[in-house]
Amino acid sequence: MCHMWHIKQLAVHACGEHQRLQGASWQMFVLVLVAVSFAACCGAAVVPRDQRYASPDAERGHSWGGAWRVKAPLLGHSLMHHSGEVYGQEATSTLPIESLRAVAEQTFGDQPLCVLDLCAAPGSKASQVASQLHIDLLVANEPQKTRAALLQANLLRAGVSEALILSMDGTRIGAIMPNAFDVVLVDAPCSGEGNIRKDPSAWDRWAHNDHPQQLQSRLNLQKDLMSSGWQALRPGGLLVYSTCTLNHEENERQCCQLQEQGAQVVRLDEQLVPSTPEGFLRVWPHWLDVEGFFVACFYKETTHVDPAAQMDCLSLGKMGFRRLKTSEVAGLQERVLQELHFSLPPGIPVMDKEEDVFLLTKRLPLLQKLLPHTLLPGIRLLSKQQISKELRLVAGGNLSSEEWLDLYKSAGGGLGASSLSLKSAVDAPTAWKAFQEMKQQRLEPDIVSYNTLLNAFAKDSDGAGAQEVFNEMTDVSVTPGVVSLEPSFSVLIEAHARAGHRKAAEQAFRIMQELGLQPNEVTYTALLRARLLSGDLLGAEDLQNELNVVGYTLLIDAYARVGNVEKAEAAVDALSMNAAPNLATYTALMKAYSRAHQLQGAEAVMSRMKAQGLEPNSITYVTLIAAHGKAKSLQRAEELYKEQGPNLASATAMIGAYGRAKDAERAQGVFDELCAQTVRPDAICCRQLSQALTGARPQSERKVYCKLQPSVLLSRERICNASRNAFEASIASHGRARQFCAEGCCSGF
């Protein structure tokens with residue numbers, strides 16, 4: 001059963017019941033759903049290999065009960081993603097293979113399967129097949145060479161060694177290899193109407209003058225692919241047909257035509273819901289706030305087929321290969337085991353005329369007619385007597401994200417590999433460098449690549465750089481009306497907003513409207529930020545009815561800064577009518593009560609937060625501790641500090657609370673406790689401590705400052721620079737500045 005739900009953080013759940021040994025590696029499939037700013041869900045396949053992740057690391061976040069938790073925005077930048085442990089996809093896009101798995105268990109049992117993925121690029125469902133099914137061989141096809149290379153690299157990165165990559169017209173495969181495959185997957189090209197949740201322009205295709213012709217062309221292609229797949233399917237096998245579109249013609253009508261060829265419908269209502277009266281699976285976008293999808297499964301009635309009639313005599317010599325001797329195979333296996341800690345999967349090791357070594361599939365005699373259409377006859381093991389990049393990518397190892405990306409690029413990752421490098425960039429200059437490298441490789445950046453680069457400039461608050469990227473995108477590569485530019489405009493406005501360029505942000509918004517593009521909640525939130533940062537609170541309020549949770553939180557935080565509790569509460573009420581306030585929203589509301597010196601209101605917000613099932617975080621506790629500190633309510637501040645536990649943020653707030661109460665001794669105690677935990681106090685923490693000591697006695701003051709000097713956790717220069725004014729005021733008031741310099745505690749004075 002495929003479960004769908006929204007969560008605030010991304011949780012990658014390892015489904016233990018699907019774990020099984022496959023040679024030297026074990027694979028499993030997971031579903032991943034995440035609520036992001038536009039309330040979207042995405043799926044992911046996880047393929048752990050051997051002991052690469054014996055225990056979770058900091059990059060993967062916390063682990064519990066067979067699950068890994070990472071923050072959603074970081075998943076695409078994580079080592080898990082780069083190394084192929086995680087493959088992200090829309091949640092409903094996982095349903096074809098989930099449906100197939102449920103039926104295949106009943107049909108084939110533990111039988112190893114030969115699977116054909118007729119329309120496989122870029123590889124999400126193919127990697128899911130390798131993860132979910134007991135496969136002997138996966139044949140994955142993509143007619144375009146560049147996309148086929150990307151497909152190959154993605155499968156290698158996911159650790160799939162049992163794959164043969166074809167690059168040919170999928171409508172011809174059935175005629176070349178009839179009755180050859182146990183399972184055929186036809187994830188057909190379609191009109192993509194199911195994407196309307198994240199791409200409203202999908203509906204606009206119906207209004208184009210050439211829509212009838214385009215639809216008929218797709219229908220013909222889908223019919224031909226299904227017929228080819230049905231011909232390639234052996235009697236007793238299963239065919240799964242799927243689309244991400246909603247109309248009857250591309251779904252039920254195509255299935256009816258296949259039934260006319262003798263296909264028997266395998267009802268999915270016993271395995272997955274919701275289903276249609278015919279037993280097909282259909283998901284509508286508005287039901288679960290996911291992509292619309294259609295899945296159908298068919299069974300080919302068993303008839304007698306003589307395997308000998310399907311199998312040509314295998315002649316490696318005619319194919320240009322020499323089979324390795326037993327001693328050569330043993331030496332190769334030992335070398336791979338020593339260098340990569342990886343055991344070669346079953347197959348036929350051969351050497352070609354260039355002395356490269358490949359591992360051919362055991363089913364090669366049955367499939368050798370397809371070899372002229374493959375990118376490689378099998379996984380390359382050695383290239384010029386060295387371990388190949390393909391084998392290194394499959395085997396994995398203790399590699400950094402950069403090393404994984406380099407392997408991925410060299411193995412044919414193409415635009416996908418360059419896009420990953422772009423996404424992994426830590427700042428705008430690094431992203432720009434990766435973008436230029438992409439173009440130097442003669443790869444044409446797509447809209448996703450441009451938007452990724454725009455995001456990098458937005459995060460760096462570089463509005464001018466973002467505008468330059470946007471101009472290039474629209475002038476050279478992307479045409480408005482052909483590709484949806486709403487997300488690009490939203491990021492551009494956000495970049496100008498963060499850079500403090502209110503006029504530029506407003507101008508981008510006007511151009512967007514002039515082009516007939518519809519601003520969404522993300523766009524309005526970016527414009528809101530521009531107006532707030534320019535100090536135009538009234539202008540920001542004009543956008544209130546168009547905001548998402550992030551936008552409302554920004555507006556509430558603006559009210560908090562001026563202590564306007566009434567408007568902050570009204571904004572929370574307005575948000576609650578359409579969405580649930582989150583932790584940041586309630587924390588901003590708490591800040592408003594704190595600024596208005598209404599402690600009871602701030603405490604009430606904490607109670608409301610917990611009643612909603614939200615766990616207060618460090619920022620929440622710091623806000624409330626600071627509020628009680630300002631009111632000199634030390635007992636409650638101490639209770640909150642103990643409840644949260646000492647960390648840099650809460651300790652800094654507690655030191656500030658003691659500072660307001662002029663309690664230098666207890667402020668020093670909190671600071672010492674922090675240092676004892678090997679936490680490095682930052683400039684703000686040191687400044688709070690120095691301010692707490694302003695009213696202390698001279699001897700006490702000297703004792704405290706001298707404690708700072710020998711600490712290996714602190715930078716003497718950093719303390720001096722961060723707290724110079726406070727130190728000078730405090731020390732000079734007791735005439736001890738010269739003595740301090742002589743003792744070397746703060747030689748920078």
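The legends below describe close-up views of one predicted protein model.

Residue numbers start at 1 in each chain and follow the sequence as written. In this predicted model, local features need pLDDT of at least 70, side-chain atom pairs count only at pLDDT 80 or more, and totals for chains, interfaces and linings use all residues, while side-chain values rest on heavy atoms, with hydrogens and water left out.

**Figure 1. Overview of the predicted protein.** The protein contains 32 helices and 20 strands; these are DSSP runs numbered from the N terminus, helices being H or I of at least four residues and strands E of at least two. Of its 749 residues, 53% count as buried, where buried means under 20% relative accessible area, exposed over 50%, and partly exposed in between (1.4 Å probe, protein chains only). The accessible surface comes to about 33400 Å², and 51% of this belongs to carbon and sulfur atoms; the areas come from the Shrake-Rupley method with a 1.4 Å probe, and for residues only the protein chains shown count as cover. Among contacts (heavy atoms within 4.5 Å) with a separation of 6 or more, 67% involve residues 24 or more positions apart.

**Figure 2. Confidence along the chain.** The average pLDDT, the predictor's confidence in each residue from 0 to 100, is 77, and 75% of the residues score at least 70. Confidence is highest in strand 11 (residues 181–187), at a mean of 96, and lowest in strand 3 (residues 25–27), at 26. Over residues 1–73 pLDDT stays under 50, and the model has 211 contacts beyond four places in sequence for this stretch. Residues 697–749 likewise stay under 50, with 80 such contacts. Where pLDDT is low, predicted coordinates should not be read in detail.

Figure 3. Two strands pair if DSSP finds at least two bridges between them; four bridges link strand 17 (residues 348–351) to strand 18 (residues 357–360) in the antiparallel sense. In this pair, P349 stands opposite L359 of strand 18.

**Figure 4. The loop position of S388.** S388 lies in the loop between strand 20 and helix 12 (389–395). Its relative accessible area is 1%, so S388 is buried. Neighbours within four places in sequence aside, S388 is in contact with R380, L381, L382 and S383.

**Figure 5. A right-handed β-α-β unit.** The unit consists of strand 9, helix 4 (residues 145–157) and strand 10; right-handed means that, with the strands pointing away from the viewer, the path from the first strand over the helix to the second runs clockwise. Strand 9 (residues 135–141) and strand 10 (residues 163–166) run parallel and are joined by four bridges. V139 stands opposite L164 in strand 10.

**Figure 6. Surroundings of A458.** A458 belongs to helix 15 (residues 447–459) and counts as buried because its relative accessibility is 4%. Residues up to four places away in sequence not counted, A458 touches V491, A495 and R498. The C-alpha atoms of A458 and A499 are 8.1 Å apart, although 41 residues separate the two along the chain.

**Figure 7. Cysteines without disulfides.** The structure holds zero disulfides, a disulfide being a pair of cysteine sulfur atoms within 2.5 Å. C190 is in no disulfide, and its nearest cysteine sulfur, in C244, is 3.5 Å away. For C256, the closest cysteine sulfur is that of C255, at 7.0 Å, which is too far for a bond. C256 is partly exposed, with a relative accessible area of 40%.
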